[in-house]
Amino acid sequence: MSVRYSLLSCLQAVIDVVLYNLCFSFFAASISFESRAFLTGTMTAFFLFSSLYGFRNWTFWDETKSVLRSMLSILLVNALFLYTSKTDIPFVFMFAALAVFIPATLTARYFFRRIFFALGLLQKSVLILGAGSAGEIFAQSINDSPFIARKVMGFLDDDDTKQDATIAGAKVLGRLADFESVQKSLNVDEAVIAIPTASRKTLTEILNKVEDNVSRVLYIPDMYMLTTMSATIRSIDGMPIISASQGLLNPFNRFIKNIMDYVGGSVALLLSSPFMIYTAWRVKHEDGGNVLFRHKRIGRELKPFYLYKFRTMVPNAEEILQEMLKDDKLRAEFEEAFKFKDDPRITPFGHFLRRTSLDELPQIFNVLRGEMSLTGPRPIVQKEIELYYGYRTARQIFHVKPGMTGFWQVSGRNDVKDYKQRIDYDLYYIHNWSVWLDIIIMLRTIKAVLKGTGAY
């Protein structure tokens, strides 16, 4: 396995070197061999020290973050080199070459992992100890992202009721005591301990049995939902300490987010204006009703505000709703998500607007009015607080502004039906907020909208 990984790492480095030189050849063909060698060596060194040839990043977004961090350092070093060496390359050409190289290497890295994972060349086998919710979530995360380059071989659990059960596509192969025999028969590379509530004594016994038989042991702690993306582990005299930021509970972070909202909202309004003008004309032209639909929602500090959308329903939608709610089955569906999957009140053009999420564009005005954020907890109605949230949880979540999109929306959108799961996603977002997380959510929102995933 180590020899295979070394060869694949070298191949990844060669691909980066070729792409890097192609970018410079396009924008600065007259660059000397010595300058080209220095610039290429700088890129390779920074990527190497950032572990970008060690396949350590488990998601594409982590890989992207590492590449961007490295490229910032590379840009500064290259700029200093151009200044001190008096090279004839204009700075703008060098910047353009690096700007093209970033998406090129990210695309190459994505397909590199996907192809070699499919061929079984870049794949490690994993055995999960613990078939509870933590183990299931971990296994599902691996299944959903081939970029992780792991394959779940199965579970081990001491619960008799789970023996031979299938969880996240993998079977429970036995009890914890069967680890050595199962590991040898399957030739497992890594073990994941997913028993968050296990005592220290139990964990010690498991580790003693596991660590000598696999190349790597991973442990999912009981506090995994509270660990932030920006969390760091430090050591004081051998004692590990987890340092985590406060996310959006930090006033300074909320200040940064407000700036992002106003700048991003202004840019979004400018770019979307042609679509909004056309959509307004189509909505008005279809039946002569109002262009916008206002709906009362709960905002920051539980204060109500009116959320704007393009109208997608017939003008007498409220009267039709009251008739539909007389049907017990339809009422139960409506009370679950406060919408219908097949709603007869939606106009033909309204179906298009909902499928493409263009009906949400007027919420940009809510953002610029300071009532919403571009990303944040999902805006809810008063009845949802009474039925599902409770005022204590609602106050905790809506200490910040609701968002046009959010963490739960890009994790399945309306297909995530369980309210507890939605609330957990919102709480996770608030405690784990970072600028990078908002960027990821926005990019994944664009992907979800283009695919039409879960929209209705």
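Predicted model: local features only at pLDDT ≥ 70, side-chain atom pairs only at ≥ 80, totals over all residues.
The largest cavity in this structure has a volume of about 90 Å³. A search of the whole structure turns up 1 cavity of 30 Å³ or more. The lining consists of Leu 248, Arg 254, Lys 257, Asn 258, Asp 261, Arg 300, Ser 373, His 399, Val 400 and Lys 401. Helix H8, spanning residues 251–287, provides the largest share of this lining, with 4 residues.

Now turn to the sheet. Here 6 strands form an open sheet with mixed pairing, in the order E3-E4-E2-E1-E5-E6. At its edges you will find strand E3 (166–167) and strand E6 (216–219), each of which pairs on one side only. Strands of a sheet pair through backbone hydrogen bonds, either parallel or antiparallel. Strand E1 (residues 124–129) and strand E2 (residues 150–156) run parallel and are joined by 6 bridges; one to look up is Leu 127, whose bridge partner in E2 is Gly 154.

Two helices pack on this sheet. Helix H5 (residues 133–144) touches E1, E2, E3, strand E5 (190–193) and E6, and its direction makes about 155 degrees with that of E2. Helix H7 (residues 200–210) touches E1, E5 and E6, with its direction at about 175 degrees to that of E5.

Cys 10 is partly exposed, because its relative accessibility is 49%, whereas Cys 23 is buried, with a relative accessible area of 8%. The disulfide count for the model is 0.

Terms used:
Residues numbered from 1 in each chain as written. Heavy atoms only, no water. Disulfide = S-S within 2.5 Å. Buried < 20%, exposed > 50% of the residue type's maximum accessible area, 1.4 Å probe, protein only. Pairing = 2+ DSSP bridges. Contact = heavy atoms within 4.5 Å. Axes fitted to C-alpha atoms, helices over the stretch in contact; angles between N-to-C directions. 1 Å grid on protein atoms, 1.4 Å probe; cavity = no way out; pocket = protein on both sides within 12 Å on 5 of 7 lines; lining within 4 Å. Points joined across faces, edges and corners; volume = space filled by probe spheres on them.
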